[in-house]
Amino acid sequence: MELLKQRILEVGVVVSDQVLKLDAILNHQVDPVLIMEMGKEFARLFRETKPDKVLTVESSGIPIAYTTALHLEVPMVFARRKKTLTMDQDTYSERVPSFTKGIVTDIMVSSHLLHKGERILLIDDFIANGDAARGLIRIIEKAEAELVGVGIAVEKSFQAGGSSIRERGIRVESLARISSLANGQITFN
């Protein structure tokens with residue numbers, strides 16, 4: 001998606017050859033026009049899969065997943081990283097490492113929000129090593145729902161996350177694929 005690539009080049013900060021900071025448009029401040037266009041593009045890419053719900057993990061994936069669900073006219077569910085007082089006791093949960101945070105967290109979805117046979121579209125902001133996506137896929141499998149595809153805003157293709165999911169025969173669509181952050185330069189595939 002050219003608009004996303006343009007914005008990445010304008011505001012992206014290469015922290016290291018492994019880490020790209022996009023907090024001006026995705027992770028801390030949200031560019032609503034860009035996010036709306038991303039949701040529209042994911043809806044176009046996955047409409048024929050007829051998803052019943054869009055699933056993401058809090059918090060940075062929520063705006064993109066929301067606009068995707070809006071354009072598909074389906075509900076959006078997000079996996080929580082912390083159990084709240086009002087959250088059901090019956091949850092699907094997985095323990096996943098976070099590449100950028102350097103910690104392991106639990107992600108969970110109330111079991112009444114995902115049902116057997118539902119068609120689920122997974123949407124997230126970044127994929128590096130793919131741990132969060134694989135955790136969400138395991139939650140979908142526990143619910144006996146059907147994963148219809150994975151949409152990623154920014155894929156760091158020099159890391160194994162996207163390819164490890166594709167190797168499982170899962171359709172992955174990335175709006176921007178970055179092949180390198182070497183020497184402080186952002187290079188797209």
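Helices and strands are DSSP runs, numbered from the N terminus. The exercises below concern a predicted model.

**Exercise 1.** State where N129 is placed, and classify N129 by its relative accessibility.

*Solution.* Step 1: N129 lies in the loop between β7 and α5. Step 2: the relative accessibility of N129 is 30%. Step 3: buried means under 20% relative accessible area and exposed means over 50%, with partly exposed in between, so N129 counts as partly exposed.

**Exercise 2.** Locate A128 and decide whether A128 is buried or exposed.

*Solution.* Step 1: A128 is situated in the loop between β7 (119–127) and α5 (131–142). Step 2: with a relative accessible area of 9%, A128 is buried, because the cut-off for buried is under 20%. Step 3: as for annotation, an unreviewed UniProt entry lists A128, N129, G130, D131 and A132 under "binding site".

**Exercise 3.** Describe how helix α3 and helix α4 pack.

*Solution.* Step 1: two packed helices are described by the angle between their axes and the distance between the axes. Step 2: for α3 (residues 32–46) and α4 (residues 62–72), the angle is about 55° and the axes are 7 Å apart. Step 3: α3 and α4 are therefore oblique to each other. Step 4: the crossing of α3 past α4 is right-handed.

Key. Residues numbered from 1 in each chain as written. Predicted model: local features only at pLDDT ≥ 70, side-chain atom pairs only at ≥ 80, totals over all residues. Heavy atoms only, no water. Axes fitted to C-alpha atoms, helices over the stretch in contact; angles between N-to-C directions. Helix = DSSP H or I, 4+ residues; strand = E, 2+ residues; numbered from the N terminus. Parallel < 35°, antiparallel > 145°, perpendicular 65-115°, else oblique. Left-handed = near helix turned anticlockwise from the far one by under 90°. UniProt positions renumbered as here; feature names shortened; annotations may be inferred. Buried < 20%, exposed > 50% of the residue type's maximum accessible area, 1.4 Å probe, protein only.
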